[in-house]
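Trainee: Could you help me learn to read a protein model? I would like to go feature by feature.

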Amino acid sequence: MLSRFDDYIATHLPLLREGKVLLAVSGGRDSVAMTRLASEARLSFAIAHCNFHLRGDDSDRDQHFVAGLAASLGVAFHTVDFDTRAVVAASGESVEEAARRLRYSWFASLCSEHGYRLVATAHHRDDSVETFFLNLFRGTGIAGLHGIRPLTEHAVAPDATPLLVARPMLCFTRADIDRYVADNHLVFVEDRTNRQLDARRNQIRQCLMPLLHQMYPSVDDTMAANIERLHDAEMLYNDRLAELRTQLVVPYRAKLPTMPVAMQSIRLADLPEPRATILFELLRHYGFNAAAVASMLADTDACGRLFQSPSHVAEVHNGMLLLAPAIATKPPSLTFDIVAAGADVSCRKGRPCRQEVDKKGGGDIDNDDSMTECLDADLLQQPLSLRPWRDGDRFRPLGMHGSRLVSDFLKDSRLSLIERRHVHLLVDADDTPLWVVGLRIDDRFRLTASTTSVLRVTVGTRKDCQN
């Protein structure tokens, strides 16, 4: 076992010998065997144990056992207590999801604080095969069919460095580990919940796998080879997807100058076959599931809808699929000053305010780095403020005599639904809209030949909002 362990590390996990490692140890036979092998292989390691307080006294028993194991080996020991049920009640996650998130987040903090190169878990080859079937029956893309890999990156937070997770026991079956534990008289603690049939993984382990072993005695070796071939196929698949992502996912030039985030777009007509599969693979990293992707491709259902994922929002707009981070709408920055009408005041890039006198029609603002508009100060009720537009808001667009609903104006301006969520109005003390920011001022407050006092208003742009 030790020579196979050493060979597997040399071939697949050389990082385990390039720094101190954090072993995730539950106290069960698999993690105890990993700890013993790591010690015999003279790896530099510490031990971490999570107490999720899900099994009463057994949870505390396991914690004390692992603490004793670490002390007997003379290695550092880290432990943490989680009120897992409270977390589940607050988050709505399953117990398994919450426990996974909690432990990996804690492992990442330990690695950062103590300089551990990576965390090692005791997953073995049977776990990998069980994961294959679990994902197969649940429904998955090709990424779910490669089983458990020797080394992966685990994202613990959107902007955090991914946690490296190693599985040095994947070269062993459960039977190999059982023999090693028995031959070396290793002491471990038994998790009685592993024998319950209330979890799908346990049902696969205790019902499906014994049946497959009866039908195909060499199923372990066969499935291990299949999983490796599927991993190779996934690598080719991902290479092609990376090419398509570069070709198809391109920046979108927003029509709204104050759009606070950068948008991306995919021209749906450019999607090659199989369209649904390719679009799903392009979007799953943004958190969208297969059902949402199917709706996006159904033109009659997609138009006029926003699709939400935990991190992003998407929309089908003029034959394009638009993508943007799902952020809360915040008012852009605002500055203004009042100057004499006769002054040479530039309200737009390269154009003085007096050239706006008696202007009729038009009025769209160029998508510049800064946006400034000039209004007749004597016609306003100060103070001014910015707020998001609302249904029922009306104004008189520059160059028009009648009023319009802001919602109709935005629609006619061909703004996407995503952009419309970030439109703000400059309003006076009476909540009268003066300017649909970045798009059009109200004609009633434009500069005319009789203007004596000019209000120059500048609103921050995307760059300002991101800082």
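Trainee: What do β2, helix α3 and β3 make?

Mentor: β2, helix α3 (residues 57-73) and β3 make a right-handed β-α-β unit. Right-handed means that, with the strands pointing away from the viewer, the path from the first strand over the helix to the second runs clockwise. Helices (H or I, at least four residues) and strands (E, at least two) are DSSP runs, numbered from the N terminus. This is a predicted model: local features need pLDDT of at least 70, side-chain atom pairs count only at pLDDT 80 or more, and totals for chains, interfaces and linings use all residues. Residues are numbered from 1 along each chain as its sequence is written, and side-chain values use heavy atoms, leaving out hydrogens and water.

Trainee: How many bridges join strand β2 to β3?

Mentor: Two strands pair if DSSP finds at least two bridges between them. Here 5 bridges join β2 (residues 45-51) to β3, and the two run parallel. Cys-50 stands opposite Val-80 in β3.

Trainee: Which side chains along strand β3 are buried?

Mentor: In a regular strand the side chains alternate between the two faces of the sheet. Along β3 (residues 77-81), His-78 and Val-80 point to one face and are buried (under 20% relative accessible area, with a 1.4 Å probe and protein chains only).

Trainee: Which residues touch the most other members of the largest nonpolar core?

Mentor: A nonpolar core is a set of buried Ala, Val, Leu, Ile, Met, Phe, Trp, Tyr and Cys residues joined through side-chain atoms within 4.5 Å. Of the 37 residues in the largest one, Phe-5, Leu-23, Phe-45 and Met-169 touch the most other members. Its largest share, 5 residues, comes from α2.

Technical notes:
Buried means under 20% relative accessible area, exposed over 50%, partly exposed in between (1.4 Å probe, protein chains only).
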